[in-house]
Amino acid sequence: MKRFLAISSFILVFIISLSLLVNNKKKVIFSDYILTPIYNDINLDTSFSNQNLTSELLLEYLDYNAENLKTKTKINNLIKKSKLIYISVGMNDLLEYVSLEDNILTYSSSLLTQKLALLQYNVHEIISSILAIKEVEITYLSLYYLNDSSFNELIKEYNADIKDILEGMNVNFIDINEVVEIENYTFTIQNQKEIYEYLAWV
């Protein structure tokens, strides 16, 4: 009887410990358009998200196991504790090739095409680096449209190409242009909230 109780107690402790471990898993987002303080009540860890984030910078974070100075969290440890990771980078990569004046976009199609090809490579490397740390479920959020039909055609082509690549890596893809309607060339606060609430509860 005592042996049975001891075994039962061990199993109970093991189940509780496992439950705590599972509950400690996080949903993480690496994003370049987040306003973190507004959404600190939503179940998404935004430790390495900021409005200046580029694919190159996120790659550096991963290469050097960057630490969030405020939370003292290292990116590798955050990935190891995560159960879902969302990635939304790329628009900042394009900014130096795009100018906006009087609501009109000006850009070089050839330079933008080259940058999109580099971004595609970077996204592949980012995801490969994350999966090397942990085989975690990853969802990539598409680039979003601006108020220019020619620009949007380039973005549409990129989104289609990266979706095909990610399917081969067993990575989920969400076209945010279909989740919410993007107004003009930027997100509204409400649009951001809709996206984050969508990601936080799916």
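These are my notebook entries on what I looked up in this predicted model.

**Ground rules**

I number residues from 1 along each chain as its sequence is written, and since the model is predicted, local features need pLDDT of at least 70 and side-chain atom pairs count only at pLDDT 80 or more, while totals for chains, interfaces and linings use all residues. Side-chain values use heavy atoms, with hydrogens and water left out.

**The chain as a whole**

**The four-stranded sheet**

I followed an open sheet of four strands in the order β1-β4-β7-β8, with parallel pairing; two strands pair if DSSP finds at least two bridges between them. The strands β1 (26-31) and β8 (172-174) stand at the edges with a single partner strand each, so one side of each is left without a neighbour in the sheet. Neighbouring strands of this sheet are turned by 20° against each other on average, direction ignored, the axes being lines fitted to C-alpha atoms (for helices over the stretch in contact) and the angles running from 0 to 180 degrees between N-to-C directions.

I went through the pairings in turn. Strand β1 is joined by six bridges to the parallel strand β4 (residues 82-88), and Lys27 has Leu84 in β4 as its bridge partner. Four bridges pair β4 with β7 in the parallel sense, and here Ile87 stands opposite Tyr140 in β7. Three bridges pair β7 with β8, again in the parallel sense, and Thr139 has Asn172 in β8 as its bridge partner. Between these two strands the chain passes through α6, and this β-α-β crossover is right-handed, meaning that, with the strands pointing away from the viewer, the path from the first strand over the helix to the second runs clockwise.

I also checked helix α6 (residues 149-168), which lies across β7 (137-141) and β8 and runs at about 160° to β8. Because four of the five residues of β7 are buried, this strand is largely enclosed by the rest of the structure.

**The core**

I looked up the largest nonpolar core and found 50 residues, with Phe30, Leu58, Ile87, Ile130, Tyr140 and Phe151 having the most contacts inside it; such a core is a set of buried Ala, Val, Leu, Ile, Met, Phe, Trp, Tyr and Cys residues joined through side-chain atoms within 4.5 Å. Helix α5 (residues 109-133) gives the largest share of this core, eight residues.

**Single residues**

I found Leu94 in helix α4 (residues 91-94), where Leu94 is buried at a relative accessible area of 1%. Its C-alpha atom is separated by 6.9 Å from that of Leu112, which is 18 residues apart along the chain. Not counting residues up to four places away in sequence, Leu94 touches Leu112, Lys115, Leu116, Leu143, Phe151 and Ile155.

Asn76 lies in helix α3 (residues 75-81) and is buried, with a relative accessible area of 18%.

Lys72, in the loop between β2 (67-68) and β3 (73-74), has a positive phi near 65° and counts as exposed at 57% relative accessibility. Asn170, in the loop between α6 and β8, has a positive phi of about 60° although it is not a glycine, and is exposed with a relative accessible area of 73%.

Definitions and conventions
Contact means heavy atoms within 4.5 Å. Buried means under 20% relative accessible area, exposed over 50%, partly exposed in between (1.4 Å probe, protein chains only).
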